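Keep the sequence and the model side by side.

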Amino acid sequence: MSAIPTFVIRPYRDADAPEVGRLIAETYTAFNLGFAEPDELPKLLGPFRNASSTEAAHREAIAQVIRAPILYVAEDNGEIVGVLRGRKGRLASLFVSGDHHRRGIGRRLVECFEEESRGLGVTVIKVAATLYGIPFYTALGYRKTTGVRSGRSFEGRGLPYQPMKKVLRYGDDGR
Ligand SMILES: CC(C)(COP(=O)(O)OP(=O)(O)OC[C@H]1O[C@@H](n2cnc3c(N)ncnc32)[C@H](O)[C@@H]1OP(=O)(O)O)[C@@H](O)C(=O)NCCC(=O)NCCS
């Protein structure tokens, strides 16, 4: 018997920015930036290196980089534990707090994004997957489109990523 999910997916609100900023900073550092030299880490984190700061300029910089046309959070008992950012045809980023991995939160966030994408008539979703994210996206039906590439993250370089895509299925009713 599978457990009943306790989390909810809801649209992002501007007031979520500080909490989402901390979630991204912690999760990105722990799961994706392990390769980075100590002096490169703040560059790769960009504005998220100031995620614990209460300074207005830091908070505004973080709020700005979070904004995206499609943006959801996962909330569990009043705590934000996941965030998905995207736009038409492109899943831009996805983070689930390490303490909440393997509970179906990432899957549900991506399913919401795919549902909204179908509503927009999108046929293919592309994602630059982190190496850590490859088994996750593969489980959700995404496929590699090239070999691993090396990219930038803010002012930092050398972030490995795997281009992947999924062709969306539409049901018999056209949805
Ligand atoms: C990738 C990530 C978003 C997955 O979130 P999650 O909520 O733990 O994923 P789910 O619980 O919905 O997993 C769905 C399925 O994906 C697969 N999967 C997820 N994480 C996996 C892992 N670490 N190793 C192997 N398979 C994995 C499994 O098949 C899983 O189903 P199961 O738990 O029933 O076996 C999360 O690990 C994360 O935030 N990682 C750090 C940031 C990152 O790399 N994000 C991707 C950016 S593009």
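Two axes count as roughly parallel at angles under 35 degrees, roughly antiparallel over 145, roughly perpendicular from 65 to 115, and oblique for the rest. The model is predicted: local features need pLDDT of at least 70, side-chain atom pairs count only at pLDDT 80 or more, and totals for chains, interfaces and linings use all residues. Residues are numbered from 1 along each chain as its sequence is written, and side-chain values use heavy atoms, with hydrogens and water left out.

Start with helix H1 (residues 17-31) and H3. They pack at an angle of about 75°, and their axes are 9 Å apart. H1 and H3 are therefore roughly perpendicular to each other. On H1, the contact (heavy atoms within 4.5 Å) is made by Ala-17, Pro-18, Val-20, Gly-21, Arg-22 and Ile-24. H3 contributes Arg-59, Ile-62, Ala-63 and Ile-66. Seven of these contact residues are nonpolar, one is polar and two are charged.

Now turn to the loops. Glu-55 sits between helix H2 (41-45) and helix H3 (56-66).

Phe-154 lies in the loop between strand S7 (149-153) and strand S8 (156-167). Its phi is positive, near 55°, though the residue is not glycine. Phe-154 is partly exposed, at 36%. The C-alpha atoms of Glu-55 and Phe-154 are separated by 20 Å.

Asn-77 is in the loop between strand S2 (70-76) and strand S3 (79-87). Asn-77 has a positive phi too, about 50°. It counts as exposed because its relative accessibility is 75%.

Key. Helices (H or I, at least four residues) and strands (E, at least two) are DSSP runs, numbered from the N terminus. Buried means under 20% relative accessible area, exposed over 50%, partly exposed in between (1.4 Å probe, protein chains only). Axes are lines fitted to C-alpha atoms, for helices over the stretch in contact, and angles run from 0 to 180 degrees between N-to-C directions. Ala, Val, Leu, Ile, Met, Phe, Trp, Tyr, Cys and Pro count as nonpolar, Asp, Glu, Lys and Arg as charged, and the others, Gly among them, as polar.
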